[in-house]
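Please keep the sequence and the coordinates at hand while reading.

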Amino acid sequence: MNVATRVIPCLDVDGGRVVKGVNFADLRDAGDPVQLARAYGEQGADELTFLDVTASSGNRETTYDIVRRTAEQVFIPLTVGGGVRTVDDVDRLLRAGADKVGINTAAIARPELISEVADRFGSQVLVLSADVHRRRDASGAPTSEFEVTTHGGRQGAGLDAIEWCARAADLGAGEILLNSMDADGTKDGFDLELIELVRREVRIPLIASGGAGRVDHFAPAVRAGADAVLAASVFHFGELTIGEVKDALREGGIPVR
Amino acid sequence: MSRVVVFDYGSGNVRSAVRALEHVGAEVELTADRAAALAADGLFVPGVGNFHACMAGLRAAEGPVVIDLRLSGGRPVLGVCVGMQVLFDGSDEPSAAPQEGLGEWPGAVSRLQADVVPHMGWSEVDVPAGSHLFAGVESERFYFVHSYAVQSWTLEEPTGAFAAVAPKVTWAQHGGRFVAAVENGPLAATQFHPEKSGDAGLALLENWVKSL
């Protein structure tokens, strides 16, 4: 009777289109987030995440429209992150049809934003998105110390990642999307040490992100403490399907839907 | 076609509920208008966030009266998530402005005791025999997101002429067991979000809409 491990595809959306190529059979328009969302829903995705990478705020309206159209057609939870700075931004996304909102940089700049959002809408809507990398030693080799980054991993924020996640949970975050910037794009597997360290310190759900490349990468992330696993490119390019990932988890004795 | 009002008293994301109900064949109006809410074949009461904030919002929109009037006339009401929790006596959830629940069922809402809270995700449910709401989807998982729940059911078992209408209580587990759904004459409620539970949730909503 355990809660099932969630498998979550993440779509990067820019100006109303999915960026980072998508290679899906049976789609008329592989750049249309709504069609893709529906296709993932049919594949058995447990949730969807849209990451709005739109640079100009003028294009944000397009994002609201996509969220609106997706929520009208896909009856599974939808998280939207990227560029969320204020309580009003959260309000608008929720009104458009998002169930949860991811907050990253704005919470680093002003942690009280976490409490403000949680107080107004409830913790369950707030996903603290943490982009984390390993600190390097003098020789440039990665250590077991983890730091929060901003600007897509290019800048260290000077915050210890484990402490930051624990603090965010205390402030009222409902969930943590833990993204390893070192593992991201490598397809060598999730950063299990990072997941274990955060799991030890926080008691809210943890979504593991970054590094998924093969079906057998997912179960170790769950054993390390993840409640959900997120991936982008392996799903978009059809290298793995949601079903294959769930089969592998099931074979590993992990409950899935 | 059954007409459903989704009670719009300022509670979070209600768009999905509207669309899901339309998807299963209801004619849906999103409103807090008292006359419309009383006249509809079914009233859907959503609820996200804090128990006490939801109660305050419901009171401001005359929700308690509308629900009472409907139930006294045997008119169906479906509460979802915090919209279910407010049907009980009260909640332990901290609040600067505590509000009592509607007291339709005895019992209090209390914090889940589990390693990871909120309970967020798809869980199995333990459905009693003869459930109408879960017909055809008894073995499916449904999507939950909550930190508080009703963890004991204390309503006295009805006897005699009332035995036939005994409430049907569905349970789920997170840390311990908690009430996942109740079917009680015209009043039904789910702790999970049927409007976010994929095909299984749509089937459940369709069962409810067809019963109106």
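A loop of chain B is the place to begin: Glu62(B) sits in the loop that separates helix 3 (51-60) from helix 4 of chain B. Its phi is positive, at about 60°, although Glu62(B) is not a glycine. As for its surroundings, Glu62(B) has 15 C-beta neighbours inside 10 Å and therefore counts as partly exposed. The model is a predicted one, and this backbone angle, like every other value below, should be read as computed from predicted coordinates.

Helix 4 (residues 63-72) of chain B packs on a sheet, where it touches strand 1 (3-7), strand 3 (42-45), strand 4 (77-80) and strand 12 (187-190) of chain B, and its direction makes about 135° with that of strand 4 of chain B. The sheet itself is open and built of 7 strands of chain B in the order 2-1-3-4-12-11-10, with mixed pairing. Strand 2 (27-31) and strand 10 of chain B stand at the edges with a single partner strand each, so that one side of each is left without a neighbour in the sheet. From one strand to the next, the twist averages 25°.

Strand 10 of chain B and strand 11 (residues 176-184) of chain B run antiparallel and are joined by 7 bridges; Thr170(B), for its part, stands opposite Ala181(B) in strand 11 of chain B.

Taken as a whole, chain B has 6 helices and 12 strands. Its radius of gyration is 16 Å, close to the 17 Å that the globule rule gives for 212 residues, so chain B is as compact as a globular protein of that length. The C-alpha trace of chain B spans about 45 × 40 × 40 Å along its principal axes, and 52% of the 212 residues of chain B count as buried. Among the contacts in chain B between residues at least 6 apart in sequence, 70% join residues at least 24 apart. One further backbone feature deserves a look, namely the cis peptide bond between Val117(B) and Pro118(B), whose omega is about 5°; Pro118(B) is found in the loop between strand 6 (108-111) and strand 7 of chain B.

Of the 257 residues of chain A, 54% count as buried.

Within chain A, the axes of helix 2 (residues 60-73) and helix 3 (residues 87-96) come within 8 Å and cross at roughly 35°. The residues that meet are Tyr64(A), Val67(A) and Arg68(A) in helix 2 of chain A and Arg92(A), Leu93(A) and Ala96(A) in helix 3 of chain A. That contact has 4 nonpolar, no polar and 2 charged residues. A loop residue of chain A with positive phi is Lys187(A), near 60°, which lies between strand 9 (175-180) and helix 7 (192-201) of chain A.

Which residues touch the most other members of the largest nonpolar core? Of its 155 residues, they are Val101(A), Ile176(A), Leu178(A), Val229(A) and Leu21(B). Helix 6 (residues 161-171) of chain A gives the most to this core, with 6 residues. Beyond its neighbours within four places in sequence, Ile176(A) is in contact with residues including Leu128(A), Cys165(A), Ala168(A), Val198(A) and Ile204(A).

Methods
Residues numbered from 1 in each chain as written. Chains lettered and ligands numbered in written order. Predicted model: local features only at pLDDT ≥ 70, side-chain atom pairs only at ≥ 80, totals over all residues. Core = buried A, V, L, I, M, F, W, Y, C linked by C-beta atoms within 7 Å. Buried ≥ 20, exposed ≤ 12 C-beta atoms within 10 Å, placed from the backbone. Helix = DSSP H or I, 4+ residues; strand = E, 2+ residues; numbered from the N terminus. Contact = placed C-beta atoms within 7 Å. Axes fitted to C-alpha atoms, helices over the stretch in contact; angles between N-to-C directions. Nonpolar A, V, L, I, M, F, W, Y, C, P; charged D, E, K, R; others polar. Pairing = 2+ DSSP bridges. Rg over C-alpha atoms; globule rule 2.2 N^0.38 Å.
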